[in-house]
Amino acid sequence: MKTIDRNYLLDSRQMAHFVADGYLRFDGLVPDEINQAVMAEIDAGTIKGAPAGTPLSQCYTGSAIKQMLDMPEIRGMIHSLVGADPLFDHDAVHVREPLEGKAQGLHADSIIDTRWEDFDIQIMYFPHEVPLEMGGTLVLPGSHFRRVNEMDIAGYQNMVGQLPMVCPAGSILILHHGIWHCGRQNKTDQRRYMFKVRLNPAEPQQRLWNTDDLEEDYAAHREIFAGPVDPNDIQVILAKQQPWLEYATGRLEIVNRVRMWRYLTGDDNFDVHYWLTRLENRPSRN
Ligand SMILES: [Fe+2]
């Protein structure tokens with residue numbers, strides 16, 4: 001396995017955005033020669049995954065999918081979130097037919113899952129441009145901690161804050177496995193392709209990114225809400241709002257994000273303001 005170039009790892013701000021939103025997107029990242037080669041493989045039906053649990057380094061030999069996954073930027077994302085050689089879970093080529101008369105219901109994938117700290121990622125790869133009328137994958141930012149069973153939420157439509165993936169060719173969406181999403185209706189006369197692969201971590205998901213910018217002295221920022229707000233402050237990122245959250249503060253999600261950030265950093269004292277520390281005040285257990 002090739003070594004990772006630290007310059008391509010995610011930084012702490014990007015990780016914090018992933019924790020807060022449940023996704024990261026990178027528009028137009030994959031070059032057109034790979035995009036074209038992947039679409040040819042989709043048309044030929046030659047993309048073959050592997051048995052669940054196979055190390056990713058052993059998957060997609062000889063395929064343009066491997067060229068995409070081996071791009072240093074994408075290897076850096078994967079390493080930052082699920083480690084150096086995560087396990088293949090499953091993949092899928094999602095095709096939306098031209099002028100399709102229906103859309104997919106809102107859902108979360110394969111949530112028969114009692115884990116809390118560890119998480120899978122799903123990489124969604126859009127090999128051609130996706131305009132709004134073509135649909136694209138829709139995600140609900142920040143929904144990844146609201147664990148639901150598959151299509152339980154399919155009755156919900158047009159949630160405030162939803163994000164349709166409208167993007168140039170070669171775009172990448174990396175999702176936390178719990179995020180609510182769906183495939184939207186394709187109203188164009190062209191087929192729409194999206195390739196998805198799910199990966200399981202094979203090592204503790206702790207400090208796998210480039211932590212050079214990780215602040216250790218959070219206490220100095222504890223009262224940040226009383227002063228000027230720096231949008232690049234990790235505590236500010238982790239406190240960011242979504243329009244569908246509870247009125248005013250979205251405190252439940254801030255607590256969930258703090259728990260995840262503590263796991264990722266190994267810093268059990270981290271907090272945003274006082275939201276989680278307050279809940280740990282349990283004298284009955286002393
Ligand atoms: Fe899905």
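Colleague: What makes the largest nonpolar core a core, and which residues have the most contacts inside it?

Modeller: A nonpolar core is a set of buried Ala, Val, Leu, Ile, Met, Phe, Trp, Tyr and Cys residues joined through C-beta atoms within 7 Å, where a residue is buried if 20 or more other C-beta atoms lie within 10 Å of its own, exposed if 12 or fewer and partly exposed in between, with C-beta atoms placed from the backbone. The largest such core has 63 residues, and those with the most contacts inside it are Val19, Met68, Tyr125, Ile174, Leu175, Leu199 and Leu238. This core draws at least three residues from each of domain 1 (6-200) and domain 2 (215-285), whose bounds come from an automatic or database domain assignment. The model is predicted, with local features needing pLDDT of at least 70 and side-chain atom pairs counting only at pLDDT 80 or more, while totals for chains, interfaces and linings use all residues. Residues are numbered from 1 along each chain as its sequence is written.

Colleague: Which residues is Tyr125 in contact with, leaving aside its neighbours within four places in sequence?

Modeller: Two residues are in contact if their C-beta atoms, placed from the backbone, lie within 7 Å, and for Tyr125 that gives Val30, Met68, Ile172, Met194 and Phe195.

Colleague: Why is Leu99 called exposed?

Modeller: Leu99 has 11 other C-beta atoms within 10 Å, and is therefore classed as exposed. Leu99 is found in the loop between strand E2 (87-96) and strand E3 (121-126), and has a positive phi of about 50° although it is not a glycine. Leaving aside neighbours within four places in sequence, Leu99 is in contact with Lys187 and Asp189, while Leu99 and Gln190, 91 residues apart in sequence, are 7.9 Å apart in space, C-alpha to C-alpha.

Colleague: Why does Arg207 count as partly exposed?

Modeller: Arg207 has 15 C-beta neighbours inside 10 Å, which means that it falls in the partly exposed class. Arg207 lies in the loop between strand E8 (192-200) and helix H5 (234-238), and its phi, near 50°, is a positive value in a residue other than glycine.

Colleague: How do you know whether the radius of gyration agrees with or departs from that of a compact globule?

Modeller: Taken over C-alpha atoms, the radius is set against a globule rule of 2.2 Å times the number of residues to the power 0.38. With 286 residues the rule gives a value near 19 Å, and the chain has 20 Å, so the two agree. The C-alpha trace spans about 60 × 45 × 35 Å along its principal axes.

How values were computed:
Helix = DSSP H or I, 4+ residues; strand = E, 2+ residues; numbered from the N terminus.
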